[in-house]
Amino acid sequence: MAVAVALSRRGWPGSAPNPNVGCLIVKQGKVVARGWTQAGGRPHAEAVALEVAGESARGATAYVTLEPCAHTSPRGPACSDSLIAAGIARVVIAAQDPDARTDGKGIARLQAAGIEVVFNVLPAEARAAMAPWWTRHTQGRPFITLKLATSLDGCIARADGSSRWITGERARAHGHLERAKHQAILVGRGTLDADAPKLDVRLAGLESRSPKKMLLTRGPAPEGWTAVASPEAVGDVDSLLVEGGAGAASAFLAADRVDRLLLYRAPILVGDGRHALGDIGLADLADAHHRWRLADSRLLGIDRLDVYERVREG
């Protein structure tokens, strides 16, 4: 299942508006096929893997990160029906589909056909891999990542506003990779006016993955941009990367809309500079604790990246 979860990550964000699912088909201890949801949401991961497996699917075990769908579509058959038709003997499922069209129905259909079903295997890992789709489907809002690139003393620029470059080349390349993983990217009016950022992906082979550009403003946005009046008003996307500046970052934190924090820190001291954050609505220092969990930490050249996830009940 861990391999299936890793495969599922290959599908995002191209699989939108469908979930990015991974599927692994194993027979007699050997992997016979792999699949993940393709661009535009079709074909589904199971369909891709079954096509590769062919007759080898008969009597095999399918590991799927989300309950196989039970509803038909003009774009393709229900995956639960496809697994039955292929002769799959056992299906291991990570997470039950919250979509009312499938929720439990896919499992029931497989069981009714005599297929052994095992579910809730690595459900948290599977949900994390499809966090943007899951958040939109269960909470009705996008999954939001906040990126901060700072000095050791928490500055994002010198006092005169100059900020190129706080971090080194490897950290900036990683930032572009993060852009490619999001459907949209947002900055504040101050960042737009000061830096005129392109907000594109400048990594070889990923240039086409440049996200939709959004501007946090109550006024108009330039051509090619989408104006967003508030953190709560972000719509039309499942994943958003908030990249600058301090006003936008503070607004999203104050609204408690940040689900994931990327903190890039360069081994430099700026002193009297511009700080990464302003007022985020913190009334008591005690309220700041137990809100963030360290999910990853690594060196990118001489810079450090720490990834934090918002701790939420449920």
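Visitor: Leaving aside neighbours within four places in sequence, which residues is Asp-306 in contact with?
Guide: Leu-261, Leu-262, Leu-263, Arg-265, Leu-294, Asp-296 and Ser-297. Contact means heavy atoms within 4.5 Å. This is a predicted model, numbered from 1 along each chain as its sequence is written, where local features need pLDDT of at least 70, side-chain atom pairs count only at pLDDT 80 or more, and totals for chains, interfaces and linings use all residues. Side-chain values use heavy atoms, with hydrogens and water left out.

Visitor: Where is Asp-306 found?
Guide: In strand E15, residues 303-310. Strands (E, at least two residues) and helices (H or I, at least four) are DSSP runs, numbered from the N terminus.

Visitor: Is Asp-306 buried or exposed?
Guide: Buried, because its relative accessibility is 4%. Buried means under 20% relative accessible area, exposed over 50%, and partly exposed in between, using a 1.4 Å probe and protein chains only.

Visitor: And which side chain does the Asp-306 side chain join in a polar contact?
Guide: That of Ser-297, at 2.6 Å. A polar contact is a pair of N or O atoms within 3.5 Å; within protein, one must be able to donate a hydrogen and the other to accept it, and residues adjacent in sequence count only if both atoms are side-chain atoms.

Visitor: Switching to salt bridges: how many are there?
Guide: The count comes to 19, taking a side-chain nitrogen of Lys or Arg within 4 Å of a carboxyl oxygen of Asp or Glu.

Visitor: Which residue does Arg-291 form a salt bridge with?
Guide: Asp-256, with the closest N and O atoms 3.7 Å apart. The pair links distant parts of the chain, 35 residues apart: Arg-291 is in the loop between strand E13 (273-275) and E14, and Asp-256 is in the loop between H9 and strand E12 (260-265).

Visitor: Why do those two count as partly exposed?
Guide: Arg-291 does because its relative accessible area is 28%, and Asp-256 because its relative accessibility is 28%.

Visitor: What network are they linked in?
Guide: One of salt bridges, with Arg-141, Asp-259, Arg-310 and Arg-312 linked in as well.

Visitor: What about Arg-101, which residue is its salt bridge with?
Guide: Asp-99, where the closest N and O atoms are 2.8 Å apart. Asp-99 counts as buried because its relative accessible area is 9%.
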